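Open the model in your viewer and keep the selection panel at hand. Each stop says what to pick and what is there.

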Amino acid sequence: MRLSSTTSSSAEEPSKSTVDPTEVSHFNALASSWWDPVGPSRLLHLMNPLRHNFISRCRSASPSASPTSNLRYLDIGCGGGIFAESAARLPHTASVTAIDPTPEVLKIAEAHKRRDPTLAAPGKLTYINTSIEDLSQPRMLEEGYDVVSLFEVLEHVNAPGPFLEHIVPHVKPGGWLVLSTIARTWTSWIVTNVMAEDVLGIVPKGTHDWGKYVNEAELRNWFYGKPGWGEMKTMGVIYVPGFGWKEVTGSEGWGNYFFAVRRVE
Amino acid sequence: MPPRIPLRAHQAIPPPAVRFRLRLQRRYASTSPSAPEIYDVVCVGGGPAGLSLLAGLKASPITNGLKVALIEGQDLQRNRLQKDANLDSFSNRCSSLTPASVKNLQEIGAWRHANTSRIQPYQEMQVWDGVSDARISFDWDTARSLGPRKPTQPTTIAYMIENVNTVSALLGRLEELGGVDIFSSTKVDSIELGKDTEQLDLSSWPVLSLSNGRSLAARLLVGADGANSPVRTFAGIPSRGFDYSRHGVVATLKLSGPGWGGPDHKIAYQRFLPSGPMAMLPMPGNFATLVWSTTPERAAKLKSLSSTDFVAMVNAGFRLSPTDLEYLHTLPSGQEEEVAWREQHTPVNERSIPVRVADVQAGTVASFPLRMRHADTYTGERVALVGDAAHTIHPLAGQGLNQGQGDAAALVRTISHAVETGQDIGSTLALESYNSARYAENNAMLGVCDKLHRLYSVESGPIVGLRSLGLRAVDAMGPLKGFFMNRAAGGA
């Protein structure tokens, strides 16, 4: 198991970043086209509504009551702010903190935020140019976030286990860690590396390194071993050209998928 | 001097559609008099489509928190139906609302505000070819595809309603819901893009300067402002189409009886003449509304006639041959006697055509030019078009107002989904689903009505035979007719 083998290095060395410098320069180059609805980030834009559907589903399926207003979000690897902006616009949101290690995309995010008076309200949406390792951890459990999101990020980090160790303290008890990523299978290799980047060209070349992909079962196993975490949920999605993203039951085993886990105590 | 659109000037002359591109209008902080008021939705135009959109937004718990404004150049209160309006007179501007439109009006809570005594449902439609007399009749009993009609199935094809009644119902609902800033009797002086200031970058936001001195910035600007839509011009969206060189003559008619089916089974009639279709649609009691599309010359002639000659011409239109009608239009007056004489020599089955017109309501004979127009797209950045601003259709199938209602309902769904998922409702990405939901459907309807118009303009030759064969064949085949009727009813 790739994840469990790396968890031993854990959060004891917070200064050692899991951020891959080649990933930072790749996303720097993509920054200017981040908000172009027909540009290289189109697939991310199209996926964004599904993220909210998945979060709503997790929160409403939960046996114990979740708060329904004044939610605080932490979006890790926010990029140009596609998810962060949309979370900040929801009526039940108190605030969104969004972080990314790539300075150029955060500049884009800040500039785009000024285009919406709702987001420009003080304290609504805060961008910080940092990695999760350097973000100060909550001093008390209640200072954590109701929703910590990690969308299309896990497949870009070098060591997923230590990375997750840095993230979990930010989730408030009762809150959720929600992520989306791609399974590491031969189908995902063909779809994301060969088809999407080389053949169809709908994803910028060099976006994905298949070797970094994480499987859903690996995530499940990792969280099974973590006391205080449970209520895991998964949703597999497939991109169908011409129709957009579609939920396909079982596809979490071999394609793009959402994964959520709750901090139950 | 940056480009600026003086809107009122553009209403008078057809605008050079693509001259003012959104991008060209970017401007910067320098001459800022005062910051505009920020709105989520600003709807220009208080017709049935715009009002339906706003009522839909305010009626839904998902979207009723949006800050919305309506701007209408005319006095909305003056266009309302009088509460005590009697049933002895009807407006000449009526529409045939499909069950789908009515269902939507019910869902947004507007239908119960309508004056139901002034609405006439009809259960049957008779359509025939004026050259060959081939005929098709539509009613749900003969259109069934599988087994007999269940009692729960609808018998109503559509509902005839005065436009003023639809508008009044929607205004009544909006007043009940509240929460819409209504600027009535207010003109839009100009629309330009906002400024990029230190605090905010409104350079993608349309900012409207109103005749009352106010300035509104719109997250989403909705053009419900008619065929010459200033909003469409602002967005630089071209609209293509042509004039049919036909005019629609409308009038409110008083008939000699309630109709062949009695008061509970009303029938709509449409006869295709080479100059265009003429339709008589039932209104409550002995009333009916006329929509006669014909050449501009004949329309002018019809409007110039005395009421007795006009009535004679309408009766002749449903009875006499195209050749007779052509001659009758050349007479300066005296159509009444001429028609009476010619009818004696033209045997017709009276029960297959509308009952005789007895009178025409004074002041209701009017005409308007028929056009077909379709915008290249219904959306742009922070702009969406609904109703006639997006498309103008030949009135022969009575679909214009219904298409606008369909647009409004679809745009409410799109905005609602965007709000639920935190999208910027003015972004082109969020608006994509509205365009894809409506464009193809409206284009198909525009195409069908246009083709029908062309098909029936032919007076002789093999096409007359073929189209008659087609009409008779469709009439004989219940399931196919059911398909056409479902389309007309707005169903699947």
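Select chain B and show its contacts (heavy atoms within 4.5 Å). Of those between residues at least 6 apart in sequence, 76% join residues at least 24 apart. This is a predicted model: local features need pLDDT of at least 70, side-chain atom pairs count only at pLDDT 80 or more, and totals for chains, interfaces and linings use all residues. Residues are numbered from 1 along each chain as its sequence is written, chains are lettered from A and ligands numbered from 1 in the order in which they are written, and side-chain values use heavy atoms, with hydrogens and water left out.

Now colour chain B by pLDDT, the predictor's confidence in each residue, from 0 to 100. The mean is 84, and 80% of the residues reach 70 or more. Pick residues 1-32 of chain B: here pLDDT is below 50, yet the stretch has 63 contacts in the model beyond near neighbours in sequence.

Switch to cartoon. Chain B shows 14 helices and 22 strands (DSSP runs: H or I, at least four residues, for helices; E, at least two, for strands; numbered from the N terminus).

The predictor gives the complex an ipTM of 0.83 and a pTM of 0.84. Select the interface: 23 residues of chain B contact 17 residues of chain A.

Look for salt bridges (a side-chain nitrogen of Lys or Arg within 4 Å of a carboxyl oxygen of Asp or Glu). Four cross this interface. Zoom in on one of them: Asp196(B) with Arg114(A), 2.9 Å from N to O. Then select α11 (400-420) and α12 (428-455) of chain B, the elements that give two or more residues to the side touching chain A.
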